[in-house]
Amino acid sequence: MSTTYKNLILLLFALALILTPFIVQQGADFAGADEKAQEIIGEVRPDYEPWFSSLWEPPSGEVESLLFAVQAALGGVFLGYYFGYQKGKVAG
Amino acid sequence: MYRRLFQLAIPAMYVIVVSLSLPRPAYAMHIMEGFLPLEWAGLWFLMVIPFWVAGLLAVKAKVEGNPSLKLLLGLAGAFAFVLSALKLPSVTGSCSHPTGVGLGAILFGPAVMSLLGAIVLLFQALLLAHGGLTTLGANAFSMAVVGPLVSYGIYRFLRKGKAPLWLATFLAAALGNLSTYVTTAFQLALAFPAEQGGISASLVKFMAVFAVTQVPLAVIEGLLTVAVFNFLVAYNKEELKDLAVLS
């Protein structure tokens with residue numbers, strides 16, 4: 001079985017796992033929910049105050065998702081370059 | 001072999017989906033800025049710094065010995081960069097993200113990843129307000145030290161036991177991912193013991209919150225790592241042999 005075919009199967013499995021939540025959890029909010037840890041800390045130590053806050057925060061959800069997209073894109077560009085380079089080298 | 005995997009995976013996925021379809025609270029991986037008391041934040045920095053030093057030395061040694069490995073090192077970093085930017089939905093109805101450090105740990109060993117993982121965390125702490133500078137030591141210890149150590153250990157152990165390459169890679173990446181989150185739960189439980197029941201009671205709470213969310217994401221990370229690994233075996237066999245990843 002060729003590598004491409006094998007990897008296609010693997011990616012389909014991954015895709016199925018990513019899509020399943022939308023089917024079994026219709027109506028869920030799919031929040032990032034770092035807040036959940038905050039809540040537990042609030043229960044356990046109601047008096048705890050964070051003693052440091054981020055130096056800079058993305059001013060909005062849009063800007064934050066932009067930066068996450070940039071992060072993924074930078075990594076993706078490198079991965080694509082690498083795969084193409086190696087494949088081309090082997091093919092001669 | 002892959003046909004058998006298909007046959008196994010469908011019932012396995014069914015079991016995962018059913019067992020996880022109960023609504024549960026969510027959690028994202030990194031400990032947020034300011035959310036570890038000063039003494040704990042400091043302790044985790046002290047714990048992680050030796051690994052950073054070892055990482056620097058290891059990167060230097062690997063690259064000097066074989067400059068052509070630089071590109072592969074870039075691949076390991078890029079993979080962690082992409083995966084930790086992908087906040088994926090989980091069957092618990094919340095989102096979390098994979099770590100992507102298992103691949104690099106298999107290829108270069110855990111020391112190298114202690115450095116690369118910390119760079120990813122620093123980027124997210126500075127630009128995305130995700131994780132934090134004060135909690136960088138703790139987060140680096142879970143994602144860049146424990147995760148890679150587990151991945152590396154499992155890969156080497158299974159390969160010694162003649163496990164198939166795909167299985168060793170899959171389990172190494174998936175369990176490395178899970179161990180990162182388990183470590184985070186321990187770190188939070190140690191810093192915030194419950195008034196009744198102490199550390200163990202807190203641990204149960206923190207674990208219940210995120211361990212379940214993370215299981216399908218660990219599987220996804222395992223699958224993606226195997227995919228990249230398949231490519232490397234097909235097109236980079238020599239370098240894998242140089243790194244003693246393949247014998």
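Chain A is assigned domain 1 (1-53) and domain 2 (56-92), with bounds taken from an automatic or database domain assignment. The centres of these two domains of chain A, over C-alpha atoms, are 21 Å apart. The model is predicted, so local features need pLDDT of at least 70 and side-chain atom pairs count only at pLDDT 80 or more, while totals for chains, interfaces and linings use all residues. Residues are numbered from 1 along each chain as its sequence is written, chains are lettered from A in the order in which they are written, and side-chain values use heavy atoms, without hydrogens and water.

The largest nonpolar core holds 95 residues; such a core is a set of buried Ala, Val, Leu, Ile, Met, Phe, Trp, Tyr and Cys residues joined through side-chain atoms within 4.5 Å. Buried means under 20% relative accessible area, exposed over 50%, and partly exposed in between (1.4 Å probe, protein chains only). L72(B), L107(B), F108(B) and L232(B) have the most contacts inside this core. Helix α8 of chain B (residues 198-235) gives the most to the core, 16 residues; helices are DSSP runs (H or I, at least four residues), numbered from the N terminus. Domain 1 and domain 2 of chain A both give residues to the core, so the core lies between them.

Beyond its neighbours within four places in sequence, L72(B) is in contact (heavy atoms within 4.5 Å) with residues including Y82(A), N236(B) and L243(B).

In α8(B), 27 of the 38 residues are buried.

T184(B) belongs to helix α7 (residues 165-191) of chain B and is buried, at 0% relative accessible area. T184(B) and A138(B) lie 46 residues apart in sequence, with 7.8 Å between their C-alpha atoms.

Terms used
Helices (H or I, at least four residues) and strands (E, at least two) are DSSP runs, numbered from the N terminus.
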